[in-house]
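Could you show me around this structure, one selection at a time? I have it open in a viewer and would like to know what to pick next and what is there.

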Amino acid sequence: MKISVLTLGCKVNQSESTVIEGNLAENGHCLVSLSEYPDICIINTCTVTAKSDYQSRQLIRRALRNSQQVIVTGCYAELNREKILSMGETIQVIENQYKLNILSNGTKSTTFNYSTRARPYVKIQDGCNSACSYCIVPQARGKSRSVPVLDVIETIHNFENAGFHEVVLTGIHIGLYGYDLRYKVNLSDLLETILMKTKIKRVRVSSLEMNEINDKLLEIIFEPRICRHVHLPLQSGDDRILKLMNRNYTVSKYMDTVDQIIKRVPGIALGTDVVVGFPGESRREFYNTRKMLEDLPFSYFHIFPYSIRPNTRASQMPDQVAPDIRKERCSELERLKIAKKTTYSEMQIGRRLDIIIEEHDKQNASLGTSSNYLRVWVMGNRHPVRSLVPVVIAGRENTLLTGKPLQHN
Amino acid sequence: MTKKVYIRTFGCQMNVHDSEKIMGVLHKEGYEKTDDPRSAELIIFNTCSIRQKAEQKFYSELGKIKTWKTKKSALTIAVAGCIAQQEGANIFRKAPHVDLVFGPQNIHELKHLHLKRQKRFTVTEDNPHIAEDDLPVRRESGIKAWVTIMYGCNNFCSYCVVPYTRGRERSRPSQNILKEVKGLSDSGVKEITLLGQNVNSYMTDLDFPGLLHAINTIQGIGRIRFVTSHPKDLSDTLIDAISELNKVCEHIHLPLQSGSDTILQRMNRGYVFKEYMKKVEKLRNKIPGIAITSDIIAGFPGESDEDHMQTIHALKDIEFDGIFAFNFSPRPGTIAAGMDDILSQHIQSERLTEILSCQEKITEKKNKLLEGTIQEILVEEKGRANGQQVTGRTRTNKIVTINSSDYSQGNFLKVRIVRGRLHSLEGEPA
């Protein structure tokens with residue numbers, strides 16, 4: 001059968017879609033795009049913001065026009081089953097917990113070497129035990145569950161054997177890794193095991209919560225095979241707002257942690273997320289966030305306008321900030337965002353970076369990503385996707401760098 | 001005043017560790033170890049009977065000190081280990097100057113030795129409490145430690161004397177093992193080697209993979225090794241455990257003994273070559289880069305040229321990282337010793353030479369392949385070449401020397417391999 005898989009949202013969702021696709025392919029199905037009029041369209045939805053809800057519904061409607069049958073899964077489907085079923089008669093909703101084996105009865109496989117990305121995601125964990133007041137994800141994904149170490153190792157072996165040089169470890173809250181396993185382990189243990197038992201050249205740790213950064217973890221992040229990249233969500237630079245968000249740290253603690261990381265691994269790429277316009281956020285409190293983004297050595301950050309999510313504590317809070325003010329504050333950060341990225345990129349000129357090639361433009365120029373999470377054009381002939389090319393950074397075009405290969409060409 | 005004891009150890013790691021236990025008990029009795037046998041009041045031979053050669057060597061060394069006894073009446077001579085177990089009081093007939101004979105299961109009998117000094121004292125009884133009753137241990141190294149997890153063997157390979165000298169399999173309670181490892185970790189030990197004649201058949205409240213999982217959680221220990229695994233008992237869950245436990249080293253010693261199914265059967269090994277090969281493939285599949293080492297017996301009774309060639313082919317097919325190969329040695333009381341087609345020494349030696357030279361090329365090639373790679377070593381000793389070198393082993397149990405003295409014992413160090421040689425690797429700090 002011709003099947004199309006469409007995906008919205010986070011890295012976990014994307015990694016799960018990869019497994020769904022891998023299982024389908026293994027069962028003899030043909031993966032096509034929506035414009036090729038598939039027999040079945042599978043939509044892996046997201047509900048993290050109101051916008052993702054809207055995009056999920058939009059995708060379902062598009063699928064209903066082009067596809068005989070529509071199967072909807074993912075977090076939006078998890079929490080809005082009835083609403084989705086009422087959208088069309090051919091729709092089927094499948095819960096997150098069963099999504100990996102859609103139309104692949106019998107195949108139990110959760111580990112795959114199938115990936116449409118040059119730097120494949122490896123899901124190591126699902127669910128979250130925290131209760132950030134704005135976040136809907138625990139409702140959709142439940143408590144933390146870890147993928148057994150053995151399965152993670154096997155997946156990485158598979159990717160390694162298929163010629164990949166980097167894996168990105170993903171999860172909803174990977175700092176909780178291993179606490180639920182029969183033989184308790186933690187994220188440091190997992191990273192150490194990966195370094196010992198696999199030969200994969202690069203391992204990227206996606207997002208870490210600052211309360212989970214400890215000496216042991218910093219020691220391992222310093223290992224050359226672990227990417228020079230830490231993503232550490234800040235969410236707000238104001239202590240009152242952090243408290244309302246139920247984030248369990250203060251601004252000064254966050255700064256201390258960043259300090260430790262930078263001292264330990266100088267030049268590391270440091271990324272963060274901020275939510276702008278949280279209920280009750282005053283202008284001054286917003287400035288505190290902006291000040292933090294200015295002062296700390298972030299190499300990039302993502303800005304999210306606050307989105308009211310049903311049945312969250314924040315949705316019940318008074319003083320919701322008007323949508324246009326949220327938007328305005330976001331755009332106030334845009335310029336800073338580019339400036340931060342430019343500053344970090346500028347620092348790379350003359351440095352040696354290893355680039356994993358991910359795509360080509362029409363002129364066959366190769367674009368890839370470095371260990372410290374920079375996008376780099378690699379000069380010279382077309383380098384194959386997935387290949388690792390050592391380069392010296394020669395210059396910068398906007399937020400993209402250009403690199404000159406060290407050997408060959 | 002402290003009394004001095006000299007102990008001479010033959011044979012396997014089990015025996016070396018038994019000597020540490022003997023020292024543990026004697027230390028409590030007021031003895032200190034000496035490296036000079038002439039200054040000792042007590043001389044112990046911890047013997048090995050795995051091969052005739054080891055036995056001959058022991059008797060010759062024992063003979064050399066016969067005259068000491070007449071010069072020094074206070075001297076006590078004791079024979080421990082597998083020959084003691086096998087020969088018992090017969091040793092007194094062969095060597096009347098011996099005072100004590102005690103088997104590997106009777107080390108605890110050294111307690112209150114001063115009360116038992118009446119002459120000619122023999123203990124070789126089966127000790128049903130050996131797994132439960134722990135003895136104190138005086139260890140040789142502060143960085144690496146052996147930990148016994150089980151005693152004895154039930155396999156009765158037709159050539160092997162161990163089931164007769166060390167009795168049936170008994171597993172130590174896991175709590176005792178964990179407590180010992182925790183204690184070792186607290187005292188600074190970085191690497192432990194779990195010992196048993198056949199660790200895969202460890203079974204208490206935990207099986208062997210379960211035991212590895214439990215030990216892996218102990219803080220401070222950086223590496224876990226184990227010997228020996230019987231190929232027939234190497235389970236998927238053990239392979240999984242090696243694959244998923246960060247501290248368990250990527251090395252397995254998996255004695256093949258012969259590449260011929262006929263000979264394997266006569267050896268009573270319980271597997272055919274194909275099954276062995278499958279396990280090797282599984283290991284390499286799940287644990288890329290794992291080092292596999294082996295034991296080979298050259299010239300087993302009835303081994304034809306064809307059988308021998310199958311062993312050579314097996315070596316070439318498998319490409320072990322290293323092997324221990326020996327001529328067949330008839331051990332009294334074993335089935336193989338009674339076989340009527342024992343080969344001449346000449347044929348055995350010829351085959352052994354061929355086996356060793358075949359493997360040498362493979363070992364050297366494998367070591368060469370490591371050139372340029374980065375390996376973690378545990379720095380073990382300083383001192384060779386005027387203190388300008390340190391040595392350590394990789395997780396795959398290969399010896400690496402580096403020309404630098406800046407690193408202290410017990411540290412884990414990343415090194416780049418610059419040269420692979422036959423017997424060791426040369427590295428530099430990475």
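Two residues count as in contact here if their C-beta atoms, placed from the backbone, lie within 7 Å. Keep in mind along the way that this is a predicted model.

**Stop 1: where the chains meet**

Show both chains and look at the place where they touch. Eight residues of chain B are in contact with 11 residues of chain A. On the chain B side, select helix α9, residues 236-244, which gives the most to this surface, with three residues. Colour the chain B side by class and you will find two nonpolar, four polar and two charged residues.

Stay with α9(B) for a moment. Its buried residues are B:Leu238, B:Ile239, B:Ala241, B:Ile242, B:Ser243 and B:Glu244. What do they pack against? In chain A, their partners are α6 (149-161) and α7 (187-197), and in chain B they are α8 (208-216) and α11.

**Stop 2**

Step back along chain B to B:Thr228, in the loop between β11 (223-227) and α9 of chain B. Zoom in on the backbone here: the peptide bond from B:Val227 to B:Thr228 is cis, with omega near -5°. For context, most peptide bonds are trans.

**Stop 3: helix α11 of chain B**

Next, select residues 273-286 of chain B, which form helix α11. This helix has 14 residues and reaches 20 Å from its first C-alpha to its last, close to the 20 Å expected at 1.5 Å a residue. Now highlight B:Phe273, B:Tyr276, B:Lys279, B:Val280 and B:Leu283, which are buried. Why do they sit on the same side of α11(B)? They cover an arc of only 125° around the axis, and that puts them there.

On the buried side, the packing partners in chain B are α9, β12 (251-253), α10 (261-267), β13 (291-298) and α12 (305-318).

**Stop 4: the nonpolar cores**

Select B:Ile22, B:Ile44, B:Val79, B:Val147 and B:Ile149. Of the 98 residues in the largest nonpolar core, these touch the most other members. Domain 1 (3-123) and domain 2 (144-368) of chain B both give residues to this core, so it lies between them. Centre the view on B:Ile44: leaving aside its neighbours within four places in sequence, B:Ile44 is in contact with B:Val5, B:Ile7, B:Ile22, B:Ala78 and B:Ala80.

Another core, of 88 residues, lies apart from that one, and its members include A:Cys41, A:Phe159, A:Val203 and A:Leu244.

**Stop 5: the domains of chain A**

Colour chain A by domain: the assignment gives domain 1 (2-101), domain 2 (121-346) and domain 3 (352-405). The C-alpha centres of domain 1 and domain 2 of chain A lie 26 Å apart. Their contact takes 15 residues from domain 1 of chain A and 16 residues from domain 2 of chain A.

Which elements of domain 1 give two or more residues to the side that touches domain 2 of chain A? They are α1 (11-26), α2 (50-66) and α3 (75-79) of chain A. The largest share, six residues, comes from α1(A). By class, this side of domain 1 of chain A has five nonpolar, six polar and four charged residues.

**Stop 6**

Is A:Leu208 buried or exposed? A:Leu208 is buried, because 20 other C-beta atoms lie within 10 Å, and 20 or more is the cut-off for that label. Leaving aside neighbours within four places in sequence, the contacts of A:Leu208 are A:Ile174, A:Gly175, A:Ile213, A:Val230, A:His231 and A:Leu232.

Now find A:Asn311, in the loop between β13 (300-305) and α12 (323-346) of chain A. Phi of A:Asn311 is near 60°, a positive value in a residue other than glycine. A:Asn311 is exposed, with 9 other C-beta atoms within 10 Å.

End at A:Arg386, in the loop between β16 (375-378) and β17 (388-397) of chain A. Phi of A:Arg386 is also positive, near 85°, but A:Arg386 is buried, with 20 other C-beta atoms within 10 Å.

Definitions and conventions: Residues are numbered from 1 along each chain as its sequence is written. Chains are lettered from A and ligands numbered from 1 in the order in which they are written. This is a predicted model: local features need pLDDT of at least 70, side-chain atom pairs count only at pLDDT 80 or more; totals for chains, interfaces and linings use all residues. Helices (H or I, at least four residues) and strands (E, at least two) are DSSP runs, numbered from the N terminus. Ala, Val, Leu, Ile, Met, Phe, Trp, Tyr, Cys and Pro count as nonpolar, Asp, Glu, Lys and Arg as charged, and the others, Gly among them, as polar. Domain bounds come from an automatic or database domain assignment. A residue is buried if 20 or more other C-beta atoms lie within 10 Å of its own, exposed if 12 or fewer, and partly exposed in between; C-beta atoms are placed from the backbone. The expected span of a helix is 1.5 Å times one less than its number of residues. The arc is that of the directions from the helix axis to the C-beta atoms. A nonpolar core is a set of buried Ala, Val, Leu, Ile, Met, Phe, Trp, Tyr and Cys residues joined through C-beta atoms within 7 Å.
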